[in-house]
Amino acid sequence: MDGIKRVLVTGAAGNIGYAIIPLIASGQLLGPDQPIILHLLEIPPCKERLEGVRMEIEDCCFPLLKGIVATTDSKEAFTDIDIAILVGSVPRTAGMERKELLSKNGTIFREQGTLLNQYSKKNVKVAVIGNPANTNALIAQAYAPNIPKENFTAMTRLDHNRACALLASKTGTSYSNVKNVIIWGNHSSTQYPDVRHAVVNGKNAIEAINDDTWLKNEFISCIQQRGATIIKARGMSSAFSAAVAAVNHVHDWILGTPEGKWTSMGVSSDGSYGIPVGVIYSYPVICKYGKYEIVQNLKIDEYSRALMDKTYEELLSEKTEAYSFLGLSA
Ligand code: NAX
C-alpha cells in the first residue's frame, strides 16, 4: 500500500472504539509500513470523551500515525476516507432482542450510507461492526449507489475466531492448528458455525473431535450464544475480542488471507450455495489483492442446508422489516 490511508472509526469513544484505535494506530490493521490518518466520529453528547481518546492516542507516539481527525461532524469524518469501520450504533443490552435494534440503527446506517456516497473515496472499503451488522451493512449499501456493492461487508470474524478457539480448546491444541471453519449467514443466534470442512491438527475436524453430539449441540449453541453469554457475565458486550476481530477482518481483506486458509465475512449474496441475491450473508472467503472471493464447490449436506437456509430466512425478515421502516423497495 502506498500514500497515507485515512481510516474512519465511528463510535470511537465507545467500548470497541477504545480497544480498536490503538490496534489500528500501531499498524496492526494495514501493516507496519502503512502510514495512516485516523478519523474518529462520535455523537455530540460524547464529544468530551472523544477528546480524551484523542489525547491518549497522541500520547502513544505511534510512528505510523500521521494525523487525527476527532470530530462530531459526520461530513468531516467521512470525507476522503479509504476505510470505514462502522462501530457506532446502539448496542444490544441484556435481554434486548436484536430485532429491536433494527429501527434504531437503521436510521444511523441510512445516514452513514449517504455520507459514504457523498464524501468518501469511491473505492472506500466498509466493514460494519454495529449490530445488526449484516442488515446495517445492507442499508448503508442501499444508500451508497456510487460505491461498488462488494465494498460493503459485515463482520462475522468474531464468531469465526470464537469457533476456532472452541475447537482448539476442545482438542487441546493451539488456535494456529485450526483452520477453515465457516460462519454461514447472520451475525446472530441463527448463524451456522460449520466444522464440516474445518481442519484441526491436519485432520478433518469431525474426525479430530470424534463427538458428533457435542458438535451438533454444545458447539453450535455455544458459538451462537457467545455474545449473549459475555453480556451476561460482563454486563456489557464483547469489546477487545470484537476489536481484534474487526482488525483481522479488514487486515485480511486488504492484505490477503494466509495461504491455504479462508475466513468468514458477511458479503453480498450472489447466489452462491443457493442463497438468493439481496442480503449480506456470511460466507467462507479467500482474500487477495484487496478483493475477496467466496470459496466455491464445498459439499453441503442436508444438515448444513437446513441451518444455512434458516439463517438466510432471518436475514430476509430483518431486511423486510428494515426496508419497510425506511420506505425502501426490496
Ligand atoms: P458502546 O455503546 O460502548 O459504543 C458505541 C458508541 O457509538 C457510543 O460511544 C455512541 O456514542 C456511539 N454512537 C452511537 N451512534 C453513533 C453515530 N450515529 N455516529 C457515531 N457514533 C455513534 O458499544 P460497543 O460495545 O462499542 O458496541 C458497538 C456495536 O458493536 C454495537 O452495536 C454492538 O452490538 C456491536 N457488536 C458487534 C459485534 C460483531 O461481531 N459484529 C460483536 C461486538 C458488539 O456486540
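Buried here means under 20% relative accessible area, exposed means over 50%, and partly exposed is in between (1.4 Å probe, protein chains only). This is a predicted model: local features need pLDDT of at least 70, side-chain atom pairs count only at pLDDT 80 or more, and totals for chains, interfaces and linings use all residues. Residues are numbered from 1 along each chain as its sequence is written, and side-chain values use heavy atoms, with hydrogens and water left out.

**Ligand site**

- Domain 1 (5–154) and domain 2 (157–317) both supply residues to the shell around the ligand, so the ligand lies between them; the domain bounds come from an automatic or database domain assignment.
- There are 26 residues around the ligand, and Asn 15, Ile 16, Glu 42, Ser 89 and Asn 131 come nearest; a residue counts as near if one of its heavy atoms lies within 4 Å.
- By type, that shell splits into 13 nonpolar, 11 polar and 2 charged residues; Ala, Val, Leu, Ile, Met, Phe, Trp, Tyr, Cys and Pro count as nonpolar, Asp, Glu, Lys and Arg as charged, and the others, Gly among them, as polar.
- A polar side-chain atom of Asn 131 sits 2.9 Å from a ligand oxygen, and a polar backbone atom of Asn 15 is also 2.9 Å from an oxygen atom of the ligand.
- On its own the ligand exposes 880 Å², and the protein buries 90% of that (Shrake-Rupley method, 1.4 Å probe).

**Nonpolar core**

- The largest nonpolar core has 73 residues, with Ile 24, Ile 85, Leu 167 and Phe 219 making the most contacts inside it; such a core is a set of buried Ala, Val, Leu, Ile, Met, Phe, Trp, Tyr and Cys residues joined through side-chain atoms within 4.5 Å.
- Helix α9 (residues 240–255) gives the most to this core, 8 residues; helices (H or I, at least four residues) and strands (E, at least two) are DSSP runs, numbered from the N terminus.
- Each of domain 1 and domain 2 puts at least three residues into this core.

**His 187**

- His 187 sits in the loop between β8 (182–184) and β9 (192–194), and counts as buried because its relative accessibility is 14%.
- Its side chain makes a polar contact of 2.7 Å with that of Asp 159; that term means N or O atoms within 3.5 Å, and within protein one must be able to donate a hydrogen and the other to accept it, while residues adjacent in sequence count only if both atoms are side-chain atoms.

- Most residues other than glycine have a negative phi, and most peptide bonds are trans.
- The Asn 131 to Pro 132 peptide bond is cis, with omega near -5°.
- Asn 210 isn't a glycine, yet has a positive phi of about 55°; at 66% relative accessibility, Asn 210 is exposed.
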